[in-house]
Each structure stands twice: as C-alpha cells, then as structure tokens.
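Subject: Structure for your review

Dear colleague,

Please find the structure below, together with its sequence. A short account of the findings follows it.

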Amino acid sequence: MTLESTAPASAATSATTPQPGPGARYVGRAVQRVEDPRLLSGRGRYLDDITLPGMLHAAFVRSPHAHARIISIDPSEALALDGVVAVYTAKDLEWLGPMVSAGPMREGVVAQSRTPLATAIARHVGDPVAVVLARSPYLAEDGRDLVDVEWEPLPPVLDPLAALEPGTTLVDEALGTNNISHLEQSVGDVEGAFAEADHVTRIRFHSGRSTAAPIECRGVVAEYEDRAGGRYNVHSSTQMPHLLRMLMAPVLEVPEGRLSIKAPDVGGAFGLKCSMFPEDIVIPAVARLAGRPVKWIEDRWEDLAAGVHSKDMHCTMEIAATADGTMTAFRGHFVTDAGAYSSIPFTPLVDSQVAGAYLSSCYGVQNVAYAVDNPLTNKCQIGAVRGVGWVPGQLAREVAIDQLARALGKDPVELRLQNMIGPEVYTTPFGQTYDGGSYTASLEKARDAVDYAAFRERQAEAREEGRYLGVGFSPFVEPTGWATSSAAAGGLPNGFFDTASVTVEPDGSVTVTTGLHSHGQGHETTLAQVTADELGVPMESVRIVFGDTDTSAFGMGTYASRSAVLGFGSIHESAVQVKDRLVRLAAAMLETDHTDIELVDGAANVKGVPGKSVPLQQIALFGYFGGPARPDDVQRDGLTATSGYSPGETYANGCGAAVVEVDVRTGQVRIEQLVAVEDCGVVLNPTIVKGQVAGALANGIGIALLEDLAYEDNGEFVSGSLLHYLYPSTTEVPDLTLHTIETPSTVSVGGVKGVGEAGTISAPAAIVNAVMDALSPFGVVVEKTPMTPEYLRELLRAAESNGSAPAPD
Amino acid sequence: MKPPTFDYLRPSSVAEAIEALTAYPDSKVLAGGQSLIPMMNMRLARPTALVDIGRLDDLSGIEANGSLKVGATTRQETVLAHQDVGGRWPLVTSALTHVGHPATRARGTFGGSIAHGEPASELPAVMLALDARFTLRGSSGERVVDAQDFFLGHYTTVLAEDELLVEVEIPDASGSAWGFGEVVRRHGDYALAGTAIRLDTEGDERITQARVALFGVASRPIRSAAAEERLVGTRLGDAAAAAAAGRIALSGIEVAADSFVSAAYRHDAAAAVVERALLEAASRGRGES
Amino acid sequence: MESRQGTVAVELTVNGEKRVAAAEPRMLLTDFLRHGLGLTGTHVGCEQGVCGACTVLVDGRPARACLTFAVQVEGGCVDTVEGMAEPGALSDVQQAFRAEHGLQCGFCTPGMLASTEALLQENPDPTDDEIREYLSGNVCRCTGYQGIIAAVRRVADERKAASRDA
C-alpha cells in the first residue's frame, strides 16, 4: 500500500509513547490500537462466545417460497424429538406490539407494519414463520427439519418496475400500494436547461444487489429476568445499542428502562447490524415464554437470504450540456427494488433518496431534479449498508459523465475539472451546505497517481497488441457526521441525539462512555486520543466504554461514517466542562489564577513556573473528597459531565481512480491499480483512516465485479452460499494507492469530517468507467453491476456480431 | 448450519472399510471431507454413517518408478510438494495449485477429489488427459477402470456403493508437452471452464496424439474429440490450429448452463483456455518443467 | 473397527495440553473447541469452508475447523490462537499484525494468524504474490488486506534478520 499524506501528520506506525508538548499530542498520530491485544490473542468476546446458564438454542423455520400463504404449521414431529423444548409461531406472539417502519419524519412515506413471525403470508425466501428451541444448535436444526409447514405458493412480485404499475399484485395488501415512497425534488429550470442543451446524455444503469456480509453474522442472546416487574437482558451483535432499545421496547411492550441491550465485540457490521430485525424481537420474546435464556446465531445462508440487501437500484440519468462541455442540468430517476419490508429504521429511502438528493455532488450544476420510487417486491428487505444509495447515485452520474465526455470528444478528467466547484463552503441547489473540500485537488491527485498522460500512451500501444487497458475516475462528496442537520439536508429528517460522558475517577484516570459503537473502526483508540488531548492526560489512563445501554451514555450508534464527528464533538462538549472544574481546583491547590493553569501529561502546571505543578490524581481526590473548600459546582456535579452534540453538516470528499485490463475473450477484469484520494478533514489517526479506505475499496471491487444477490424468475434465491456470493480475496484486491488531503471542516469540533464508506462509494464507478474506457474500441455500454465475465462477454459478443468490434489479431 | 446425525466408523483396514460400506446402506466414505462436509453442514447430503478411511496407511503413499502410483487418501498437498511428480508429471502439479486453498489441500485427498465427481474440479480432467487408471476395490473384489470410463455425471462415477477408490496410476508422461488453464472468478474457486492438455509429438514437433480434457463445461469432465482430431498432424505451437481447436472444443458436447454461467459463456471461455493452453504447451517445452 | 454412535469422549492435544470433552460424531471441530473446550478464539463465519475464519493447525498443518469433525482428529494435535503466545504476551506474528494494522474487527484474525504461521513454516521468505496466494482462502471484510500483507512481510523480514544475526 503506497501511503502518502499532504497533511502534517506523523509518519510513525508504531508510536505508543508520544513526545511531550503543548496542544494536540495524540490526535493526528498513528497510535497503535488499544483493542488489538485482546483481538489478536483470541480474547475478544463476540456474541457466540456468550453462554448463559440453562441457555437454549434457536433455529428459525423460514419460507422457501418468495410469496406464499401459510396454510398450517405442524410442530408435533419436531416437539417429539428428544432435546427439542418448544416451537413457537406467530400465534404465540400475539401479545407483542407490531414492528412498524415509520420512516423519516416527513410526508410521502408509507408506514408498514409487520409481525416478527409471519402470520398469514410469507413475503420472501427466508421470511421467518416459526422458531424451534432446543438444547443445542444441532438439535434445533434437527427440530427445524421436522416442522411441517403447509404452503400455498402465490405469484411472486419480482420486477420492481412492474411492481409500480397500477393493478399489479400487492406484496403487502394492507398498504394498498407497493410503493413505499415516491419523492421528487426539482430546483432551477431543469426543463429549460434540457430544452436548450446543445447535447443531452441519457443513460440507464442497474446497480446490482449486494450486502454487507461481515464475517461475523448476526446473533442475539436474550434472557427475561422475572423480578421487579420483569426485565429483558439482550446481548446483540448490533451497531446501535440505544437506538435498538428504543425500537424494540414498544414491540416487547416494556418501558425502555426494562430492556437492556448489550453489544459485545462485534465482528464487522457494515450496516447489517443497524436495523431492527424480526429475530431481535422473537428471541427475547421466546426467552420469556420458555423461562430460559435463548441464543440465536445467524448462519451464512440466513445472512445472505434474510438479513438486509442493498443498492439494487434502477437508475435513469440525464445530463444537459453545452457544446463546450458545461453541464447545465442533471436529472435522475432512481427506483430502489425495496424487497418485501420497509426496513426499520432506515427504510429503502436510505438508498433511493440519498441517490437523488445528493445528485449534484461536486459539480456546480444549478438545475437539478430527481424522482425516486421504492416498490416492494418479494425479496429480502433493503437496509442501510456501507455506501448506501450514494453508490448507485455515483455510478449513474459518473458513468453518464464519461459518456458525455465521449460524445463531446472531451477528456473525462478535463470535463470534470471544468464543471467542478471550488474548495470554499458551498451550498448545493438542494440546500446542502458543504463545509469546504478539495474537489479539484483530489481529482488532480488521482489523475497524477495513475500517471495519466503516460497511461494514455500505454493504452494506445496495448491496443495495437490486442490488449485492452482502461482508466476511470470517480470524484465524490460524502455526507458524514450524520445527525439531525445532515438528515434534514438530505430530505430524511429525523432527530438524532448523541452524548458522551466524561468522568475523572478518584485516581485521576478517565472514563468516557459514548452512545457510539466500535466494530472494527478502532474507536477505543481514536476516542481515547481525543479525550487525552482534551484533558492533557496520557492516553493509557483513558478508557472508552460503549455498547451497553445500562452503562453508556445515550447515542444513536455507529454507521454512516458519523463517529469521528459525533465522538470528537460530544467528548469535547463534556470534557470542556470537566476540564474547567479541574483547572479551577488546581488553581486553588496551587494558589494561582485559573488562567495560569495548563493540563499537560496528567498534571496541572503553572505556565512559565517550572516545578509548580500538581498531578491529576491529587486534583481528583480534592475534587471528590475536598469538602467545602471545593467550588460549588464541583461539590454538586463532581468531576463528570454528560453532554450532547449536534453537528452542522459535514461532507468528506475525494476521488477514486482505477486502471484495469479486460480480457476480451473471457470477460475477466484485472485491476492493475486502484487509487483513492480521501479528504475526511482533520485526521484523528492516519493508520485507521487508511484502513477504513482500504476496506471500503475492497468492498467497492466486490460491488463492481463480484458481489451479486440473485433471484430466479420463480423467486428462488440462488445466492445463499459463499460459493455464489463472492467476497474479494487477497488475489482480487491489489496493492492500493492511498492519498489523503486534510481540509478541516469549518463546522465540526476539531475540524474532523468522518470516514468509512468513501472507497465503497467511489470505486465501483471508477472501475466501470475504466472498463468502458478499455472497451471503447468495441463501443460497449455497461449498464449494470456487477460486471461479471458473463455480462462483459455478452456485450462483447453483441459488438462482435454487429461488426463494431476491432479486427482480432 | 450443522450436519445431521450419523454413525461414525473408523475401519482399520480396507477390507473393514468395504464391509462397513456394505453393512450400512446409507453410508458415505469420509477421506478429507473437504467436499463432503460442507454438503453435510448444509444438509444437502445426509449419510446415516460415515466410513472414515483417512487414517488407513494402506491407502496413502506415492510411488514414482516408471508410472506414478498415488494412494487414494494421500493428501493433495503431499502430491503437490512431491519432487518426482513436479518433475515428470508437471500437469498434475500445475493443476493442484488451482485446487482450493492450502487448508483444503492439507486435508483434502487426491482420491477424494477424483471420486467426488464434481464436474468443475481440476484433477478429474487431468486424469483424462494423462490416461490414468483407477483401482477400485469392493465386496466383489478389485477392478481397474480407465479414467475415460470412470466419470458418469454430476457427483456420479462408476463407484458402486460398497466400492472404494484405492489407487490412481498415471503412466509415464515425460516427453509429453502439457498445458493447463481455467477461468475462475477468484483464485481457488471452481472453474467456469478449464482444460488439461497433454500432447505427444515426434520429430519436427508434429502432434501425434492429443488429449484435450475439459472441466467445468459439462456434467462431467470430458475430452474434446473434436479438438483432439483437429490437432493431430499439426505442429506444436501452430497458432491457427490452436485457435481452431479452441473454437470447436465444445462440439459434440452437451454444455452445461447453471447458476454460475450460461452455455454461451462456456463456449467463449473454453475456446480461450484451450487456445492459450495449447500455445503455452509449445513455449514451455515438455517433460521437466 | 472403531465405531461411534451418540456422544462419546473425544481427546485431543490442544495448544500442547491434553483436553477431553463430550462430542457426538457430527460435532464440528469449531464447536468442540469453542463450546466443548471454551476456546472461543477460533471463530465461525460460514460453516462451508470458504471464509477461513475457523482456520487452526491440525497436526501442524492448516485446517478449516468447520470442515472437520472433532472425532476425525481425535488423538491428534490442534493449535489455536490461544496457544500462539503466553497470556498477556503477543507472538511476533501477532505483533506484526498490530504494527501494520492488519486487523480491524478481529473476527477473521485468528484464522488469518494460523494461515500465516503455516505459510511461514512452509515458505519463510514469501514474495507478496506468494503471500496473497496462500492467504486467498482467508477472507477479510474490513481491511482490504493491505495491512495483512504488510504484516506477513514484516514478520518474514524480521525472522530473516534474526536468523542472520543469530
């Protein structure tokens, strides 16, 4: 991995002992991760590592049909099996509240209600209809085999465009429509711009169906404690403990105070674990019914068939342009194949709406319009998965821009630069306000990273030899720090509340609790870096606590690249209060004015008077036990503060570039070089940022070339194994070229912006553009992902038989 | 995904193994388990008994005097690492580097990969290309079957329910030119189309005998009679002959269309791998690789 | 002929120590290690032998524990991540993964470490291509593999330097 940074960040990869000095000591440094020793030695504690005494194991009976009426469920043979303890169906769970997907706080979104186990109709392959409890997971599956379900298959709705037509079969009759939401927005004179355009480019693009597929699947361990009114303890492999509690409590019919969600170490999530699923409700409910703790571990088939799917979107993209290459209007229509249920809480709008609402991206186009539709189909629900709708939106727009460049005879980099916004704060036509960025700089850096001019020469030479190389670019803007302001600006208004507690313990060590969550992002480290700098303490004395609603301050969880902004901000809000009290205590102890005190390296010093200092441990003891000598607010509030933080809108940006070679005989694509330029504002830990970008790029390669969740014409799901759903492995992800630029946010605490999804957003379009560039002698038009060898051969075969292919050697 | 219940039998001799297969009608042989156990975990295979032959010394071992004799339960990695195999049967070694991954080769057996009958796996096609002979032993005794006659269809071979593949014999192939190629989505995956090729020449490199074995294209590994006929009499390395052989490689063969790829794709992919493997065979030389 | 029907005691040497636990023939080695012996460091990602998260060493060779019945390997030796270093310490391979950011969520990591140990035993000085090929059966969804390749490279270089200086 070629690493380079244009910011004054440290180059050390193994620094754990920082150099002393005022100001930031840890933020910006490549500190080794605090989480690593336990994870490396196999001492992480993940969901399936949890065992409770008397625990039973659950296996779900699921629909093999895409759409079917449940005629009867006969558990008798299963119950007769030694070791099977119980079988429950929907009628055993009628006491629960409904699972409701209400969607964002706006009009135009249909709310959908469901029962956690299907009552009368199963709506997708994998829809759960019953659950078996047994003494071991092996016996639970044996029992599952013996549950006899009589089905009446119904015609499945599989074509999302057809599902929008009036009079078509309804996936959920109670809704009276298949369309969860039709939204439109138009700014400027879009019609006029298209009417006056010298050139209109119009493309269609079908972004394929992929998913998060973390190596650790989902899981729930629940027990119901029948004391003091009853209380659920739920261990869940989730990204969002408090939000999950909020969503689950009304369904379980308990006040939130009687539901505890505990997320242990989580083995990756990428959005799989930021929805509320039927299993999240069923397992606690049947633990209560059975009077025993219950564990359910999702298996890989269930994960692929019945977790969340993502990004399946039929896009139409139009660009109006003048002859000289100025893009005057964008117009897009985005239809998300929403699956059978509107996922809770993010709904399919997390794909369609974000594709539309951010359409203008880093370009100065002022006339922009979009429409989105979200038809239900008899497939797995769409959820929020890494990159969400920004991925298909990016594909549609960037592929169209390359097509425009080809049509106008312009260089694709030049055309983009010509239309790009400047680095200043900028408000888009739809009203999003970017907090400064490096749009042209990142595209130029990406261009330089692939040695563009030299590449074009190499490309020409290769073509003479019958080899097809191509290059593609994909500049992007990514909303990060997703909270109330960003959500409102994106047309998905919802309230967000994120807090952190900062506590100085009696011995001077620091405990931070946060409503964020870490499942690979290293927040135990980066948030400790932030805290240590805020309070001037050594990092080793800081502990970051999260994951358990009983012990962590409230927050909305980690997804949408939000944690750097929310974490830094909320810790700052709380730390500032605690620091102020520490400073005044120290001033009293050192008999000086509080303006003379600085906190450095775990002690309070008097500026300019070496030797006049008191360690934090003594200040803390004074703060706790110093009696009436302490300031009033310290006596009342102690050395702890819990505060919330609501950021303004922050936007990361960057550019992806890909150099590929296409084997035109077999349709295979080899990625020769994949570049990511990332500007996520001030960097907390450069190693962690690079890791996030690299992982996201690998996911982007998967989306472009490998990952596909497919249904047959009869609704059968054929991608339920890892032999069909293909992860990029070491041989599909080359050495990556990663560059960073740091344009500090003008809006957030510390100037951070957030990272996590960028490579997933940029890479697919860069790779598609590179393939189309490679195959431009054939005139092929790529209209979907993944670009499988089969698909590319199909396009090439058509070109060959049209006579539009170059003569073979 | 947990497997269903089965009885576990560990015979201490080949004869006991055969007795067990006979006594337990729904039993299956367990050698490396790398193909069988995933199917059992997914409950696609539900044998009520497994006969574990993985520790039978009689079935393991490599002899390379003249012909190559490989005991059926020899681990794939052992064959891969064997000097004589690499020296005189490089087609076998080359194919093995594409079979799964190190962890599956450490447990998977040479015979298991052949007897499983997966049409997209590499070794069966290599056996066809090298005219291998398989020694089978069952309750009615021992017999030797040519590779050409062994594979019947998807997961189906001539092995009777009470028969074990005991040994694979591959005649001396030094002096032959060879080629190997496959189209896979990722390294180690099952092939969408693949070929194992062995060519004998005389004098001025004219091809006297060709074996063009294909895998991943039909319901079983299969030789392309059309490609082989086209090649005989041509010079090793002749580009036009290689291209022609590739183009007709699937004639007369019922090409599979499945959840992975279409028949049309297999035609294109097979043409490419056959042509390229033929050209590589020429540039590589023969025998010692 | 030995036969097992139903639950029996299965004995293995795990990380150098004789261990025994009850197992039916169908019990996968993953479940035997994790739930029979409480060694939860070996993880389960697919139970079909594709992701490699469950990789351990069996008799010194890499094996996918989800494609192995415990009873198949009884009497043999299994090495898991818990045995790679003394409690509180990290082996050179583990330290290299830390230094090069070769892990994020940690779930694939024990299997990745086992495969790395096996690779370096077979090939102490692998090229980057050889590293990629050897580890292609261990999937990571977090890192994009950059830190992993760098970590393996780092250990190989360190061990080479150490043996030169020895």
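Which residues of the largest nonpolar core touch the most other members? In this predicted model, they are Ala58(A), Val132(A), Ala658(A), Val660(A), Ile767(A) and Val771(A), out of 412 residues in that core. Helix α19 of chain A, residues 686-706, gives the most to the core, with 12 residues. Once neighbours within four places in sequence are set aside, Ile767(A) is in contact with Gly472(A), Ala658(A), Val660(A), Ile671(A), Ile701(A), Ala704(A) and Leu705(A).

Turning to chain B, its division is into domain 1 (7-52), domain 2 (59-170) and domain 3 (177-284). Between domain 1 and domain 2 of chain B, the C-alpha centres are 18 Å apart. Contact here involves 11 residues of domain 1 and 18 residues of domain 2. On the domain 1 side, helix α1 of chain B (residues 14-23) gives the most, with 5 residues. That side of domain 1 has 6 nonpolar and 5 polar residues, and no charged residues.

Chain B also meets chain C, in a contact that takes 28 residues from chain B and 27 residues from chain C. On the chain C side, β1 (2-4), β5 (61-64), α3 (109-122) and α4 (128-134) each supply at least two residues. The largest share, 4 residues, comes from β5(C). By class, the chain C side divides into 8 nonpolar, 11 polar and 8 charged residues.

Strand pairing also links these two chains: strand β1 of chain B (residues 7-10) pairs with β1(C) in the antiparallel sense, over 3 bridges. Within β1(C), Arg4(C) stands opposite Tyr8(B).

With kind regards

Note on methods: Residues are numbered from 1 along each chain as its sequence is written. Chains are lettered from A and ligands numbered from 1 in the order in which they are written. This is a predicted model: local features need pLDDT of at least 70, side-chain atom pairs count only at pLDDT 80 or more; totals for chains, interfaces and linings use all residues. Domain bounds come from an automatic or database domain assignment. Two residues are in contact if their C-beta atoms, placed from the backbone, lie within 7 Å. Ala, Val, Leu, Ile, Met, Phe, Trp, Tyr, Cys and Pro count as nonpolar, Asp, Glu, Lys and Arg as charged, and the others, Gly among them, as polar. A nonpolar core is a set of buried Ala, Val, Leu, Ile, Met, Phe, Trp, Tyr and Cys residues joined through C-beta atoms within 7 Å. A residue is buried if 20 or more other C-beta atoms lie within 10 Å of its own, exposed if 12 or fewer, and partly exposed in between; C-beta atoms are placed from the backbone. Two strands pair if DSSP finds at least two bridges between them.
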